[in-house]
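Load the model in your viewer and keep the sequence panel open beside it.

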Amino acid sequence: MNTAASRAEVRWRWPVLAALLATIPAFYIELLEQLPTPLATGLYLTAAAALAGALWQTARHLDHPSQHLRRNGLDIALIVGFVLAALLPASVGSPLSLGLRLAVALLSLVRMVWSLRPWITRGGLAYLLILALAVLCFCGVGFWVLEPSVKSLGDGLWLAFTTAATVGYGDVVPTTPAAKIFAVFVVLLGYAVLSLVTAAIAAMWVETAERRIEHEILRDLHRQVRALREEIAAMRRERR
């Protein structure tokens, strides 16, 4: 991938991530309202447009755009899925619509985690911590809205953390179908984000150890080069 294509891909990373994240509330808006709503439809179509725009902007800078499209089959599948999710009838009373929207939501989670791979470095730890905090806050608000037993935002945040961490103390639990489905997404999304944070911390220690080894190798090379220079200088003096 050339420089222009790489810049286009990086430029679209945040808009695509935000659009994918917005499809999760779109799923619940449609499920709770029990009929397709303009807001949910708009969020699905916005996500499809963001993915299509990212693919097109990146592919047009490449010599072989078709190869880029083939390598990004997940994005193409999501574009089709988002369009269908926006056009299909309500999930309530239609197992096909509910199944397709659930499948699209799960694929969206996979795509979001995949887009976070470049941040699994020592420098990306701060971004991942901010993202993890934002995800947990978003999930806490979701539980606060969906679960009747959650009486405050604090309880929602607590339920989101225990669900994402797969602790399950049992003091507050999802009871409604919508909250239980949401808990599935919280487990998958929270586990993925927390795993990325753990991986970034591990990468920080690994990179620190690698850099220490690299510095030792460089110092040894400098000593060897210095010794070679001294030997060459001594040979030149003897020859003179």
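**Cavities**

Three cavities of 30 Å³ or more turn up in a search of the whole structure. A cavity is a set of points, on a 1 Å grid over the protein atoms alone, where a 1.4 Å probe fits but cannot get out. Grid points are joined across faces, edges and corners, and a volume is the space filled by probe spheres set on the points. This is a predicted model, in which local features need pLDDT of at least 70, side-chain atom pairs count only at pLDDT 80 or more, and totals for chains, interfaces and linings use all residues. Residues are numbered from 1 along each chain as its sequence is written, and side-chain values use heavy atoms, with hydrogens and water left out.

Select Leu17, Leu21, Met112, Val113, Leu116, Leu131, Val135, Leu189 and Val193, which line the largest cavity; lining residues have an atom within 4 Å of a point. The volume of this cavity is about 80 Å³. At least two lining residues come from each of helix H2 (13-33), helix H6 (95-115), helix H7 (125-146) and helix H9 (177-239). Helices here are DSSP runs (H or I, at least four residues), numbered from the N terminus. The lining has nine nonpolar, no polar and no charged residues. In this scheme Ala, Val, Leu, Ile, Met, Phe, Trp, Tyr, Cys and Pro count as nonpolar, Asp, Glu, Lys and Arg as charged, and the others, Gly among them, as polar.

**Pockets**

A pocket is an open set of grid points with protein on both sides within 12 Å along at least five of seven lines. Next select Glu9, Asn72, Asp75, Arg111 and Trp114, which lie nearest the centre of the largest pocket among its 20 lining residues. Helix H1 (3-11), H2, H3, helix H4 (65-71), H5 and H6 each give two or more residues to that lining. The pocket has a volume of about 450 Å³, and its lining divides into nine nonpolar, five polar and six charged residues.

For the second largest pocket, with about 170 Å³ of space, select Pro25, Tyr28, Ile29, Leu32, Phe138, Val141, Gly142, Val145, Leu146 and Phe182. H2 and H7 are the elements that give two or more residues to this lining. H7 has the largest share, five residues. By class the lining has nine nonpolar, one polar and no charged residues.

**Helix pairs**

Show H3 (residues 38-59) and H5 (residues 73-87): they pack at an angle of about 155°, with their axes 8 Å apart. H3 is therefore roughly antiparallel to H5 (angles over 145 degrees count as such). Axes are lines fitted to C-alpha atoms, for helices over the stretch in contact, and angles run from 0 to 180 degrees between N-to-C directions. The crossing is left-handed, meaning the near helix is turned anticlockwise from the far one by less than a right angle. Residues in contact (heavy atoms within 4.5 Å) include Tyr44, Leu51 and Leu55 of H3 and Ile79, Phe82 and Val83 of H5.

Finally, show H7 with helix H8 (residues 153-164), packed at an angle of about 120° with axes 7 Å apart. H7 and H8 are therefore oblique to each other, and their crossing is right-handed. Among the residues that meet are Cys137, Phe143 and Trp144 in H7 and Leu157, Phe161 and Thr163 in H8. This contact has 12 nonpolar, three polar and no charged residues.

Notes
Angles under 35 degrees count as roughly parallel, over 145 as roughly antiparallel, 65 to 115 as roughly perpendicular and the rest as oblique.
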